[in-house]
Amino acid sequence: MNVEEEVERLKEEIKRLGIPQHDGSYKVTFGVLFNDDRCANIFEALVGTLRAAKKRKLLTYDGELLLQGVHDNVEIILKPPLVTTS
């Protein structure tokens with residue numbers, strides 16, 4: 001699986017585990033993602049995939065490097081999809 005595929009899978013998992021927000025975004029904590037069995041089986045390097053998605057401005061969270069335990073309560077916010085007008 002390449003980085004783009006992993007980022008797309010990550011978006012799906014955040015939608016599955018996260019709480020929908022009024023603006024169309026989804027919010028989940030790092031601990032919920034990290035400790036989910038399905039995510040553990042999908043992502044070899046969850047932190048790396050999160051950083052790749054953050055770099056692509058698809059999600060946001062505080063800090064650069066997230067560590068299990070220390071950052072379990074850090075909120076990860078998947079930004080709402082861009083609406084294009086035609």
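Gly 18 lies in the loop between H1 and strand E1 (19-20). The model is a predicted one. Is Gly 18 buried or exposed? Gly 18 counts as buried, because its relative accessibility is 12% and the cut-off for burial is under 20%. Which residues does Gly 18 touch, leaving aside its neighbours within four places in sequence? Its contacts are Glu 13, Tyr 26, Lys 27 and Val 28. A further pairing spans much of the numbering. Gly 18 and Ile 77 are 59 residues apart along the chain, yet their C-alpha atoms are separated by 8.7 Å.

Step back now into helix H1. This helix covers residues 3-17, 15 residues in total. At 1.5 Å a residue the helix should span 21 Å. Its end C-alpha atoms are 21 Å apart, so expectation and model agree. Which residues of H1 are buried? They are Glu 6, Val 7, Leu 10, Glu 13 and Ile 14. Seen down the helix axis, these buried residues fall within an arc of 120°, so they line one face of H1. An α-helix has 3.6 residues a turn, so residues three or four places apart point the same way. What covers the buried residues of H1? The cover includes strand E2 (26-29), helix H2 (30-35), helix H3 (37-42), H4, E3 and E4.

Turn next to the charged side chains. How many salt bridges does a search of the whole structure find? The search finds six. One of them joins the side chains of Glu 8 and Lys 11, at 3.3 Å from N to O. Both residues lie in H1, three residues apart, or about one turn of the helix. Glu 8 is partly exposed, because its relative accessible area of 41% falls between the cut-offs of 20% and 50%.

Glu 13 deserves a separate look. Glu 13 is buried, with a relative accessible area of 1%. The side chain of Glu 13 meets that of Arg 16 in a salt bridge of 2.6 Å, N to O. These two residues are separated by about one helical turn, because they are three residues apart in H1. Arg 16 is partly exposed, at 36% relative accessible area. Glu 13 also forms a salt bridge with Arg 38, at 3.2 Å from N to O. This pair links distant parts of the chain: Arg 38 is in helix H3 and Glu 13 in helix H1, 25 residues apart. Arg 38 is partly exposed, with a relative accessible area of 45%. Which residues make up the network of salt bridges? Glu 13, Arg 16, Asp 36 and Arg 38 are linked in it.

Two loops remain. Lys 57 is found in the loop between helix H4 (46-55) and E3. Its phi is positive, about 60°, although Lys 57 is not a glycine. Lys 57 counts as exposed, because its relative accessibility is 63% and the cut-off is over 50%. Leu 65 is partly exposed, at 46% relative accessible area. With Leu 67 and Val 70, Leu 65 forms a nonpolar patch on the surface. Together the three residues have about 280 Å² of accessible area.

Key:
Residues are numbered from 1 along each chain as its sequence is written. This is a predicted model: local features need pLDDT of at least 70, side-chain atom pairs count only at pLDDT 80 or more; totals for chains, interfaces and linings use all residues. Side-chain values use heavy atoms; hydrogens and water are left out. Patches are made of residues with over 30% relative accessible area and no salt bridge: like charges are joined within 9 Å, nonpolar side chains (Val, Leu, Ile, Met, Phe, Trp, Tyr) within 5 Å. Accessible areas come from the Shrake-Rupley method with a 1.4 Å probe; for residues, only the protein chains shown count as cover. A salt bridge is a side-chain nitrogen of Lys or Arg within 4 Å of a carboxyl oxygen of Asp or Glu. Buried means under 20% relative accessible area, exposed over 50%, partly exposed in between (1.4 Å probe, protein chains only). Helices (H or I, at least four residues) and strands (E, at least two) are DSSP runs, numbered from the N terminus. The expected span of a helix is 1.5 Å times one less than its number of residues. The arc is that of the directions from the helix axis to the C-beta atoms. Contact means heavy atoms within 4.5 Å.
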